[in-house]
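Have the sequence and the model at hand as you read.

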Amino acid sequence: MKKLFSAVLTALTFFTAFQTHAEENKMSDKKALVAYFSASGVTAGVADRLAKSVGADLFEIKPAQIYTDADLNWRDKQSRSSVEMNDRSSRPAIASKVENMAQYDVVFVGFPIWWYREPSIIDTFMESYDFAGKTVVPFATSGSSGIGDSGKNMQALAPKAKVLEGKRFPASVSADELKKWASEWL
Ligand SMILES: Cc1cc2nc3c(=O)[nH]c(=O)nc-3n(C[C@H](O)[C@H](O)[C@H](O)COP(=O)(O)O)c2cc1C
């Protein structure tokens, strides 16, 4: 009886160890990048937590020309953001490029919602790389709006990618919540 008990215990220990190992591998067998644009730091915080929680690389989509407070004034129809967002062909320049995009399987793309969708600089980003064979997962922060058609818009600009609908998160979303959400694609 003692022997049987010990054998069962050993088997259980192995099984648990194997399972834990398999789960760890599941989080790491795909290489992920978290690329984000953030005009006032909210999306940057979420992106940082996401990248750390899943062990992904982090890349800031920095505008070649930084957005000033006046640029971000949505009440002013002549502000830079209003003008850009009113023009679907607007493609604000990005200061630097992701090194070796080819190495990534999954690219999380984060941004603030501007006028119910992705900011134009995200459109620039989507047109700047070959996303063939990659899964692109949008995520956003906002005052209250959802992510809307951002994913669909991004898909149209990078037809070879598989762009998902994505999700809008509150600024306070925890690293654990982000990890749980992201693990579906890792
Ligand atoms: C030009 C502009 C347009 C915005 N449009 C929306 C909107 O349509 N819906 C919304 O809920 N929030 C909107 N916001 C608020 C931002 O989405 C929100 O503050 C976001 O968390 C800021 O992220 P960031 O700090 O990473 O730039 C807008 C902000 C700006 C500057």
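A nonpolar core, as the term is used here, is a set of buried Ala, Val, Leu, Ile, Met, Phe, Trp, Tyr and Cys residues joined through C-beta atoms within 7 Å. In this predicted model, the largest such core has 40 residues, and Ala32, Val34, Ala35, Leu50, Phe108 and Val136 have the most contacts inside it.

| Element | Residues |
|---|---|
| α2 | 42-54 |
| α6 | 175-182 |

Leaving aside residues up to four places away in sequence, Leu50 touches Val34, Phe108, Leu178 and Ala182.

Now to the two helices α2 and α6. Their axes come within 9 Å and cross at roughly 65 degrees, and the crossing is right-handed. On the α2 side, Arg49, Leu50, Lys52, Ser53 and Val54 make the contact, while α6 brings Ala175, Leu178, Lys179 and Ala182. By class, these residues divide into five nonpolar, one polar and three charged.

Helix α2 also has a part at the ligand: three residues of the shell come from this helix, the largest share. Which residues come nearest to the ligand? Of the 20 residues around it, they are Ser38, Val42, Thr43, Pro112 and Gly143. The shell is made up of 10 nonpolar and 10 polar residues, with no charged ones.

Note on methods. Residues are numbered from 1 along each chain as its sequence is written. This is a predicted model: local features need pLDDT of at least 70, side-chain atom pairs count only at pLDDT 80 or more; totals for chains, interfaces and linings use all residues. A residue is near a molecule or strand if its C-beta atom, placed from the backbone, lies within 6 Å of it. Helices (H or I, at least four residues) and strands (E, at least two) are DSSP runs, numbered from the N terminus. Ala, Val, Leu, Ile, Met, Phe, Trp, Tyr, Cys and Pro count as nonpolar, Asp, Glu, Lys and Arg as charged, and the others, Gly among them, as polar. Axes are lines fitted to C-alpha atoms, for helices over the stretch in contact, and angles run from 0 to 180 degrees between N-to-C directions. A crossing is left-handed if the near helix is turned anticlockwise from the far one by less than a right angle, and right-handed if clockwise. Two residues are in contact if their C-beta atoms, placed from the backbone, lie within 7 Å. A residue is buried if 20 or more other C-beta atoms lie within 10 Å of its own, exposed if 12 or fewer, and partly exposed in between; C-beta atoms are placed from the backbone.
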